[in-house]
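I open this notebook to record what I looked up, entry by entry.

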Amino acid sequence: MSDRDASEEISLKEQLDRIEQKVDRMLGLYDALGDIAAGLPPRLVAALHTMSPAEHVALQMVLDNRSNHEISVCLDVEEPRVAEWVDSVLAKLNVSRRAEIRRLMQPLMAAIPPENYVRASGGIPKDWNDKYGVGGVPDPYRRIYHPNPD
């Protein structure tokens, strides 16, 4: 296989990955409508669907009262990157403090079906923090949220 063929194959794979992500997001919108119809707050459901996988991981760790430093150590990510994720979650929820994130999101996290959360989060399970939110535990989802996968 020539270098050109290899690069075209990579480009095609990247395009297919992007299409798959868009389809997953579209399917997630159907789940969001179901969650809204089930009585979950539309604004918060919509916010979940706008967060990146990294923001979902940060969200779960904030819900567990973790500091940016603790999150950065656990995820092996620079603290400024974690601060960006947390700031983005704050902005998407239109709040200014972590306590407000917890107040709004803990009831939603308890109520949203796990399969709907996985779609909203781009593949991160609802119980990710309980299973993988500690340093040193092999995390099969790392490739989804980590900015520089190993």
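Entry 1, the pocket. I first noted the term: a pocket is an open set of grid points with protein on both sides within 12 Å along at least five of seven lines, and its lining residues have an atom within 4 Å of a point. I also noted that the model is predicted. I then looked up the second largest pocket and found a volume of about 170 Å³. Which residues line the second largest pocket? I listed Gln60, Leu63, Asp64, Gln106, Met109, Ala110, Lys126, Asp127, Asn129 and Asp130. Helix H3 (53-63), H6 and helix H8 (128-132) are the elements that each give two or more residues to this lining. H6 gives the most, with three residues. Sorted by class, the lining has four charged, three polar and three nonpolar residues.

For H3 and H5, the axes are 9 Å apart and the angle is about 85 degrees. Angles of 65 to 115 degrees count as roughly perpendicular, and H3 and H5 are therefore roughly perpendicular to each other. On the H3 side, I wrote down Ala54, Glu55, Ala58, Leu59 and Val62 as the residues in contact. On the H5 side, they are Trp85, Val86, Ser88, Val89 and Lys92. By class, this contact of H3 with H5 has seven nonpolar, one polar and two charged residues.

Side chains of opposite charge can pair when their charged atoms come close. How many salt bridges does the count come to? I found four salt bridges.

I looked up helix H2 (residues 42-50) and helix H6 (residues 98-111), whose axes come within 11 Å and cross at roughly 85 degrees. That makes H2 roughly perpendicular to H6. Which residues of H2 and H6 meet? From H2 I listed Arg43, Leu44, Val45 and Leu48, and from H6 Leu104, Met105 and Leu108. This contact of H2 with H6 has six nonpolar residues, one charged residue and no polar residues.

Technical notes: Residues are numbered from 1 along each chain as its sequence is written. This is a predicted model: local features need pLDDT of at least 70, side-chain atom pairs count only at pLDDT 80 or more; totals for chains, interfaces and linings use all residues. Side-chain values use heavy atoms; hydrogens and water are left out. Axes are lines fitted to C-alpha atoms, for helices over the stretch in contact, and angles run from 0 to 180 degrees between N-to-C directions. Helices (H or I, at least four residues) and strands (E, at least two) are DSSP runs, numbered from the N terminus. Angles under 35 degrees count as roughly parallel, over 145 as roughly antiparallel, 65 to 115 as roughly perpendicular and the rest as oblique. Contact means heavy atoms within 4.5 Å. Ala, Val, Leu, Ile, Met, Phe, Trp, Tyr, Cys and Pro count as nonpolar, Asp, Glu, Lys and Arg as charged, and the others, Gly among them, as polar. On a 1 Å grid over the protein atoms alone, a cavity is a set of points where a 1.4 Å probe fits but cannot get out, and a pocket is an open set with protein on both sides within 12 Å along at least five of seven lines; lining residues have an atom within 4 Å of a point. Grid points are joined across faces, edges and corners, and a volume is the space filled by probe spheres set on the points. A salt bridge is a side-chain nitrogen of Lys or Arg within 4 Å of a carboxyl oxygen of Asp or Glu.
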